[in-house]
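Let's take a walk through a protein together.

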Amino acid sequence: MLLELQGLTKHYHDKVALEDVSLSLDPGIWGLLGPNGAGKSTMMNIIADILPRTRGEVLWNKESVRKLGNKYRSILGFLPQSVGLYEHFKARDYLRYMCILKDILQEKNKKKELKEHIDSIIDTVNLSSDANRRIRTFSGGMRQRLGIAQALLGDPKLLILDEPTAGLDPQERIRLRNTIAASSANRIVLWSTHIVSDIENIASKIIMLRKGKCIAVGTPSELVSELNGQVWTLDIFPEQLKDYQNRFTICNIALEGNTRHIRLIAASKPHPEALQADPTLEDLYLFYYGEEGYHETDSV
Ligand SMILES: Nc1ncnc2c1ncn2[C@@H]1O[C@H](COP(=O)(O)OP(=O)(O)OP(=O)(O)O)[C@@H](O)[C@H]1O
């Protein structure tokens with residue numbers, strides 16, 4: 001199983017949303033990290049073959065997905081950023097209908113299997129007690145879970161999830177993480193988010209996008225090791241904070257009595273009393289993208 005992106009590029013008129021992205025993805029969970037506007041949805045929509053690319057190629061097991069057509073769609077599960085649900089359908093009927101559209105277990109002698117498959121997915125996304133309710137009565141989180149359910153239909157070999165945790169409460173987020181992690185050995189999962197904690201413990205590899213370019217790819221520990229020796233903690237007075245914010249990337253500020261306990265990134269010891277800390281993925285995210293968007297440095 002191999003998904004290859006070769007020089008993927010997307011222009012929306014004169015806006016470059018994706019620029020020359022080349023990657024090879026093998027089975028496991030691939031976290032796609034980047035702030036708003038980095039190009040995550042553009043990349044996922046192109047991989048899902050619902051958005052035309054300006055240049056480049058997507059290959060599934062060495063064959064162009066455009067040539068594979070329906071064969072490709074039969075191995076693909078996709079949760080787009082906004083799912084179009086049929087409001088008047090009951091959740092279970094919607095999933096049954098999606099199985100018809102995707103030609104999943106439609107043979108006459110597979111009726112029992114089809115029912116079991118849909119039931120197990122409804123259970124996976126924790127919608128069992130609401131499966132016979134109409135979608136128009138669903139909350140945002142329930143709609144998101146139903147969207148995830150339709151992506152899981154047919155046990156797709158390639159599962160593309162565009163911000164799957166949007167609208168989910170903390171328990172649902174954890175449940176989703178566990179579900180996807182448990183089923184990732186035999187499939188390629190591409191999971192986009194700008195929330196580091198969604199993927200830091202389950203992603204086997206992470207792709208970092210910035211302004212449409214792929215700026216880093218690797219295992220979480222490989223990526224994080226880039227900051228070895230550059231993360232520090234230090235107690236400062238409140239009036240010093242602005243100066244530190246101007247000079248360094250500040251990862252965290254905690255109030256401790258009259259002082260501020262800060263965590264920051266600096267190439268060398270920022271103060272004689274600063275203590276070195278182990279870098280985390282969140283530190284790396286802030287290093288690349290800054291606290292409110294992009295962290296503009298020559299080193300990136
Ligand atoms: N249809 C479009 N027409 C013009 N520009 C677009 C269009 N879709 C996206 N863009 C631009 O392309 C860039 C990448 O957008 P994209 O939605 O892929 O980013 P993203 O990383 O998914 O962001 P978010 O996390 O906000 O969804 C952004 O600058 C966006 O404004």
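Which residue takes a positive phi in the hairpin of β9 and β10? It's K211, with a phi near 45°, and the hairpin has 2 residues between its strands. Keep in mind that what you're looking at is a predicted model.

Strand β9 covers residues 205-210 and strand β10 covers residues 213-218. The two run antiparallel, joined by 5 bridges. Find R210 and you can trace one of these pairings yourself: its bridge partner in β10 is K213.

Strand β9 has another partner too. Strand β3, residues 28-33, runs parallel to β9, and 4 bridges join them. To spot this pairing, look for W30, which stands opposite K205 in β9.

Now step back and look at the whole protein. Its secondary structure comes to 11 helices and 14 strands. Along the principal axes, the C-alpha atoms fill a box of roughly 75 × 45 × 35 Å. Of the 300 residues, 34% are buried. And if you take the contacts with a separation of 6 or more, residues 24 or more positions apart account for 69% of them.

How is the chain divided into domains? The domain assignment gives domain 1 as residues 3-218 and domain 2 as residues 225-289. Their centres, taken over C-alpha atoms, are separated by 36 Å. Where they meet, 7 residues of domain 1 are in contact with 5 residues of domain 2. On the domain 1 side, the touching residues divide into 5 nonpolar, no polar and 2 charged.

There's also a database record to compare with your view. An unreviewed UniProt entry lists residues 3-236 as "domain: ABC transporter". Over residues 3-236, the chain is 33% helix and 29% strand, and the end C-alpha atoms are 48 Å apart.

Next, zoom in on a helix. Helix α4 spans residues 91-101, and A91, R92, Y94 and L95 in this helix are buried. Why do these residues end up on the same side of α4? Because they cover an arc of only 160° around the axis. There's a handy rule behind this kind of pattern: an α-helix has 3.6 residues a turn, so residues three or four places apart point the same way.

So what covers the buried residues of α4? The cover includes α5 (111-124) and α6 (140-152). Turn to the other side of α4 and you'll find I100 and L101, which are exposed. Just after the helix, D103 takes a positive phi of about 55°.

How many bridges pair β12 with β13? There are 7, and β13 covers residues 259-265. For a landmark in this pairing, find N252, which stands opposite R263 in β13.

Technical notes: Residues are numbered from 1 along each chain as its sequence is written. This is a predicted model: local features need pLDDT of at least 70, side-chain atom pairs count only at pLDDT 80 or more; totals for chains, interfaces and linings use all residues. A residue is buried if 20 or more other C-beta atoms lie within 10 Å of its own, exposed if 12 or fewer, and partly exposed in between; C-beta atoms are placed from the backbone. The arc is that of the directions from the helix axis to the C-beta atoms. Two residues are in contact if their C-beta atoms, placed from the backbone, lie within 7 Å. Two strands pair if DSSP finds at least two bridges between them. Domain bounds come from an automatic or database domain assignment. Ala, Val, Leu, Ile, Met, Phe, Trp, Tyr, Cys and Pro count as nonpolar, Asp, Glu, Lys and Arg as charged, and the others, Gly among them, as polar. UniProt positions are given in the numbering used here, feature names are shortened, and annotations may be inferred rather than shown by experiment.
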